[in-house]
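Colleague: I am new to this one. Can you walk me through how to read it?
Modeller: Gladly. Have a look at it before we start.

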Amino acid sequence: MAEEINSLEGLEAVAEGVAAQADTQPAREPVRDELGRSYATGRRKDAAARVWIKPGSGKVSVNGKEMGKYFARPVLQMILRQPFTVAGVEDQFDVMATVKGGGLSGQAGAVKHGISKALQLYDPSLRAPLKAAGFLTRDSRVVERKKFGRAKARRSFQFSKR
């Protein structure tokens, strides 16, 4: 019984130490440029997006075009809006993005990643919901390269015994 009490006291001491460490860590500061914008780079597959956000009416432009023109599919537009809905800041920020490489799906994922990172830089209190939704993590899945002596990345040529 005495051992259990000592172990509980030890656990409480560890918990207090962790709480004290959390208090000593400096609070995150907003990162904005002289124009009041936050910048972040988002990546997905072979696509890389440079994203700037600033307070506004919710206008999104990608490579100089309106979001609806550049990403015509509603699914891709929904992907771009996800960070704002999770953070609860719909129609509060204007987005200007330039994206290169990959296809439309990868580019939409890259812009989403960039928006998420820029939002948490603009307002560090939005980090928790964005991180819980997994939007701040780069999706590292990329196409596997073709190997020599193979038809594709893994597919072999047809085997013939004779």
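Modeller: Start with a cut-off: a residue is buried when its relative accessible area is under 20%, and exposed when that area is over 50%. Keep in mind that this is a predicted model.

Colleague: Then take Phe71: is Phe71 buried or exposed?
Modeller: Phe71 has a relative accessible area of 0%. That is under the 20% cut-off, so Phe71 counts as buried.

Colleague: Where is the place of Phe71?
Modeller: Phe71 sits in a loop. That loop runs between helix 2 (67–70) and helix 3 (74–87).

Colleague: Which residues does Phe71 touch, leaving out those up to four places away in sequence?
Modeller: Phe71 touches Val62, Leu76, Gln77, Leu80, Leu104, Gln107 and Ala108. Take Gln107: in sequence, Phe71 and Gln107 are 36 residues apart. In space, their C-alpha atoms are 9.3 Å apart.

Colleague: In which sense do strand 2 and strand 5 pair?
Modeller: Strand 2 (residues 47–55) and strand 5 (residues 93–100) are antiparallel, with 8 bridges. As one place to look, Ala49 stands opposite Val99 in strand 5.

Colleague: Next, pockets. How much space lies in the largest pocket?
Modeller: Ask for the volume, then the lining. The largest pocket holds about 200 Å³. Its lining includes Arg43, Arg44, Ser105, Lys112 and His113. Strand 1 (38–44) and helix 4 (104–122) are the elements that give two or more residues to this lining. Helix 4 gives the most, with 4 residues.

Colleague: How do the residues of that lining divide?
Modeller: The lining of the largest pocket has 2 nonpolar, 5 polar and 5 charged residues.

Colleague: And how much space lies in the second largest pocket?
Modeller: About 160 Å³. Among its lining residues are Leu80, Phe84 and Phe93. Helix 3 gives the largest share, 4 residues. This lining divides into 5 nonpolar, 2 polar and 3 charged residues.

Conventions:
Residues numbered from 1 in each chain as written. Predicted model: local features only at pLDDT ≥ 70, side-chain atom pairs only at ≥ 80, totals over all residues. Heavy atoms only, no water. Buried < 20%, exposed > 50% of the residue type's maximum accessible area, 1.4 Å probe, protein only. Contact = heavy atoms within 4.5 Å. 1 Å grid on protein atoms, 1.4 Å probe; cavity = no way out; pocket = protein on both sides within 12 Å on 5 of 7 lines; lining within 4 Å. Points joined across faces, edges and corners; volume = space filled by probe spheres on them. Nonpolar A, V, L, I, M, F, W, Y, C, P; charged D, E, K, R; others polar. Pairing = 2+ DSSP bridges.
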